[in-house]
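Please look at the chain below before reading on. This report walks through its strands, its charged pairs and its surface.

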Amino acid sequence: MSFARLLAPWLFACAGALLAGRAATSPPEPPPLPDWGWSAALETGVGYRDNLLLSSTAEERSGFLHAAAELLLLRVPGRGLEASFFLQTEGRRFWSGRTVHQEASAWLQGEPAWRPARGWKWSLPVSAYYDDRVLDVSDTDVERLIAETRLAGVLGGPQVRWDFADRWHVETQVAGDRVRHEDGVNDAEVIRGLFRIGWRPAPAWEGKVSLWQRERAYARRVQYSAAGRPLLGTRLRFAETEGEMSVAFRWGPGERWRTTGRLGGRRLGDNGSGYFGHREWRWEQQLEWSDDRWKIRAEAGLRGLRFGVQTVGLGIAPPARRRTELSGSLRAERHLAGDWSLIAFFSREHVRSNDPLGAYRVNEGLLALRRGWER
């Protein structure tokens, strides 16, 4: 018998023992991550609003029953095609309202995305929305107008993001929006473009500068003269330019504190006499604190508008129409047990104007119970 034939059984035995030892000492492989994650939540509660019509003289007060639902589906990034779907609905029933009995809104968004190379993300956000509520549409109307508005629309367009130089990113998007109102008068088509540059100097800091350009073409509305008279045979178009600078910061143990500040401005012009044209500036600040049981968020905002052609009052040189809006809110969420939590919310809005009919205040309070699920 040759030496090799005598050595072979011993080599196989040693190899088997070595593999068995490695199998016994190596840790088990973790279970594969699911391709999809999801979360859902339901809310129900009661609240009170003291000015349903946003009126300066005919305030209408009522309690209301509140219900809301949310659903989020998310495909785990890094596995080829990414995708997310988000649905949010909310409804309120006013049991003492004489003019306004209910309001409802819904928002559905899907966003498939693809990463063709490191640092690049191509996506196609598409949204559908519905809104039925009392709105102050004085910004784009002939005169101060508060109306119960029912509208639906679809918005979508390609978006590209490029992360470069480790701390910088750029986003661009071109999108179209088709809006349909129940009365048909304000039906419009909107083309919009977005350019945004972001900077993250540290993990807890992020700053962004955004620029939007919008073109809104109405199907039926006509232009107006500088004196506020309709010009028959014309079609009204708006051009909007909007800019915003935002800074977000997190700090404290476990980054329990978070704040985001925004400062922006907008200029709107029409294709006629400029009767609807105005300039707007705004400031918003959000502060949030959370721990294992509590999540508290406070928000404040200030917004000012000044019209170029529209005036208020009579006389040889009446003043230009102006408006200032001050808003604030406080939301506290307390985790109870399991998937349940209790929510208390209060908001206040105060609008001032040199048009006496354009000034009003509205306060709202809400107490709701929320249950969430997550995987």
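What follows is a short tour of the model, from the whole chain to single residues.

This is a predicted model, in which local features need pLDDT of at least 70, side-chain atom pairs count only at pLDDT 80 or more, and totals for chains, interfaces and linings use all residues. Residues are numbered from 1 along each chain as its sequence is written, and side-chain values use heavy atoms, with hydrogens and water left out.

**The whole chain**

The protein chain has 18 strands and 1 helix. Helices (H or I, at least four residues) and strands (E, at least two) are DSSP runs, numbered from the N terminus. Of its 375 residues, 34% count as buried. Buried means under 20% relative accessible area, exposed means over 50%, and partly exposed lies in between (1.4 Å probe, protein chains only).

Contacts (heavy atoms within 4.5 Å) also describe the fold. Take those between residues at least 6 apart in sequence: 54% of them join residues at least 24 apart. The chain exposes about 22400 Å². Carbon and sulfur atoms supply 61% of that area. Accessible areas come from the Shrake-Rupley method with a 1.4 Å probe; for residues, only the protein chains shown count as cover.

Strands pair if DSSP finds at least two bridges between them. Strand β9 (residues 168-181) and strand β10 (residues 188-199) run antiparallel, joined by 12 bridges. Val179 stands opposite Ala188 in β10. The hairpin of β9 and β10 has 6 residues between the strands. In that hairpin, Gly184 takes a positive phi near 80°.

Next comes strand β11 (residues 205-218). It is antiparallel to β10, and 12 bridges join the two. Gly198 has Lys208 in β11 as its bridge partner. β10 and β11 also form a hairpin, with 5 residues between them.

**Charged pairs**

How many salt bridges does the structure hold? There are 31. A salt bridge is a side-chain nitrogen of Lys or Arg within 4 Å of a carboxyl oxygen of Asp or Glu. The table shows three of these pairs.

| Pair | N to O distance |
|---|---|
| Arg133 and Asp131 | 2.8 Å |
| Glu255 and Arg250 | 2.8 Å |
| Arg297 and Glu299 | 3.2 Å |

Glu255 is partly exposed at 29%, and Arg250 is partly exposed at 25%. Arg297 counts as partly exposed at 23% relative accessibility. Glu299 is partly exposed at 33%.

**A nonpolar patch**

Which residues make the nonpolar surface patch of about 740 Å²? They are Val46, Leu65, Trp95, Leu336, Trp340, Leu342, Leu367 and Leu369. The elements that give two or more residues to this patch are β17 (340-353) and β18 (360-374). Leu342 lies in strand β17. Leu342 is partly exposed, with a relative accessible area of 35%.

Patches are made of residues with over 30% relative accessible area and no salt bridge; like charges are joined within 9 Å, and nonpolar side chains (Val, Leu, Ile, Met, Phe, Trp, Tyr) within 5 Å.
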